[in-house]
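Thanks for asking me to look this one over. Here are my notes, point by point, to read with the model open beside you.

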Amino acid sequence: MFNLSDTKNLELEISSYCNAACPQCPRNHHGGKTIDTLPLTNWSIDQFNAIIDQFKGVSLDLIYFCGTYGDPMMNPHILEMIKCIKTKFPSCRIGMHTNGGLQYYGLYKKLAPLVDFCAFGIDGLETTNHIYRRKVSWNKLQENANAFIQAGGYAVWDFIVFEHNQHEVESARQMSIDLGFKEFNIKKTSRFVDRQHRVTQHLDVMDNKNKIEYQIKLPTDESYINPSFKHIQTTDDNKFKNYLQTTKIMCNGCRTKSVYIGSDGLVFPCGWLHDRIYCKDAQKHKDHYKLMSMFESIGGIANANAFKTNIQDIIEDKWFPAIESEWPTNSIERCALMCGSKFNIIGSQNADVAYRV
């Protein structure tokens, strides 16, 4: 795959906590109750330093605070962690992604001069953002984003388009300009291909008692639909299954020399494999059982965990080579779906996202 010394992008999920309940996030059941199998944790400063110190001497281009299950702003040590990076990797860019509706505006003011960008996930205006970004306070989000921008921060507005907010795209774009955001990114969502890798047109959004509250749907404006998704819709089911079994996998993590480390310490080339571990829907898929057996094949899950095993060993000797060895037979369907030669749905989703590599 690649060596530790080749790493260019380090993606860190420093928290599995989140204030939101987005319906297509793996941390909850369709917007309802948080899954009970998810380990809820924040990285400590000691854990953080132990991990980033293993990349000393590596020419990192970007350290990116992100989350498969959590929001990095939930970690109470976020400011101290970023200061550590500035000291240890002074030439490395620092980025982060958040829903913006947590912590306090003073922290965003302090972060502004320290990070190269902060991407705010804002999927609509005040009338619609809460439909997907459930539990996110619009007023709190605006206060935090404004504080970051007024303190000189490079703010990015990421807008996931659905049927319910497609009419607000241009108004949101203008608002981003008025408020001082530097970029406005339209994200053509990939998540209507569900965790069983079935094509869906809508998703039932649940409450904490597992009752349906409403639905979210694909946009009706085709210009906002993920082009890979459109290909899948027009492909016969049997042909699509055959594609997943035979396509050449062109790993984006390999292309960008990226290492993703989850809140639990598990290391992957990307977060899209991490969501195969805890999400209830994903646990029903063969990929989950395949990954569990692969952990056993390398001597146990601890050998893929940065809290328990040297990261160089994980990347070069144990875990990453095990993942790569499965690509010729396409036994990990998630890799074929996300990084296949034709239906590269995550590539299509982020095609217009300028801040990412």
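1. Cysteines first. Searching the whole structure turns up zero disulfides, a disulfide being a pair of cysteine sulfur atoms within 2.5 Å. As a reminder, such a bond is covalent and joins the sulfur atoms of two cysteines. For Cys 18, the closest cysteine sulfur belongs to Cys 22 and sits 6.2 Å away, too far for a bond. For Cys 84, the closest is in Cys 92, at 13 Å, which is again too far. Cys 18 is partly exposed, at 22% relative accessible area, whereas Cys 84 is buried, at 15%. Here buried means under 20% relative accessible area, exposed over 50%, and partly exposed in between, with a 1.4 Å probe and protein chains only.

2. What you are looking at. This is a predicted model, in which local features need pLDDT of at least 70 and side-chain atom pairs count only at pLDDT 80 or more, while totals for chains, interfaces and linings use all residues. Residues are numbered from 1 along each chain as its sequence is written, and side-chain values use heavy atoms, with hydrogens and water left out.

3. The core. The largest nonpolar core holds 113 residues; a core of this kind is a set of buried Ala, Val, Leu, Ile, Met, Phe, Trp, Tyr and Cys residues joined through side-chain atoms within 4.5 Å. Its members that touch the most others are Leu 12, Phe 48, Phe 65, Phe 120, Ile 261 and Trp 319. Helix H2 (residues 78–88) provides the largest share of this core, six residues. Helices (H or I, at least four residues) and strands (E, at least two) are DSSP runs, numbered from the N terminus.

4. Around Phe 48. Which residues does Phe 48 touch, not counting residues up to four places away in sequence? They are Leu 12, Ile 14, Trp 43, Phe 65, Met 81, Cys 84 and Ile 85, where contact means heavy atoms within 4.5 Å.

5. Helix H8. In this helix (residues 237–246), Phe 240, Tyr 243 and Leu 244 are the buried residues. Viewed down the axis of H8, they fall within an arc of 95 degrees, so they line one face of the helix; the arc is taken over the directions from the helix axis to the C-beta atoms. The other side of H8 carries the exposed residues Asn 238, Lys 239, Lys 241 and Thr 246.

6. Salt bridges. The count is nine, taking a side-chain nitrogen of Lys or Arg within 4 Å of a carboxyl oxygen of Asp or Glu. In one of them, Glu 213 meets Arg 134 at 3.5 Å, N to O. Glu 213 lies in strand S8 (residues 212–217) and Arg 134 in the loop between helix H4 (129–132) and helix H5 (138–150), so this pair ties together parts 79 residues apart in sequence. Glu 213 is partly exposed at 44% relative accessibility, but Arg 134 is buried at 10%.

7. Asp 275 pairs with Arg 334, their closest N and O atoms being 2.8 Å apart. Asp 275 is in the loop between helix H10 (271–274) and helix H11 (280–283), and Arg 334 is in helix H15 (residues 333–339), 59 residues apart. Both Asp 275 and Arg 334 are buried. A salt bridge also forms between Lys 286 and Glu 333, with closest N and O atoms 3.6 Å apart. Lys 286 lies in helix H12 (residues 286–297) and Glu 333 in helix H15, so the pair ties together parts 47 residues apart in sequence. Shared partners join Asp 275, Arg 276, Asp 287 and Arg 334 into one network.

8. Aromatic rings. There are 15 aromatic pairs. Rings of Phe, Tyr and Trp (its six-membered ring) pair if their centres lie within 6.5 Å; planes under 30 degrees apart count as stacked, over 60 as edge-to-face and the rest as tilted. The rings of Phe 159 and Phe 184 have centres 6.0 Å apart and planes at 50 degrees, so the pair is tilted. Both Phe 159 and Phe 184 are buried. For Phe 162 and Phe 192, the centres are 6.2 Å apart and the planes at 70 degrees, so that pair is edge-to-face. One aromatic cluster takes in Tyr 108, Phe 120, Phe 148, Trp 157, Phe 159, Phe 181 and Phe 184.
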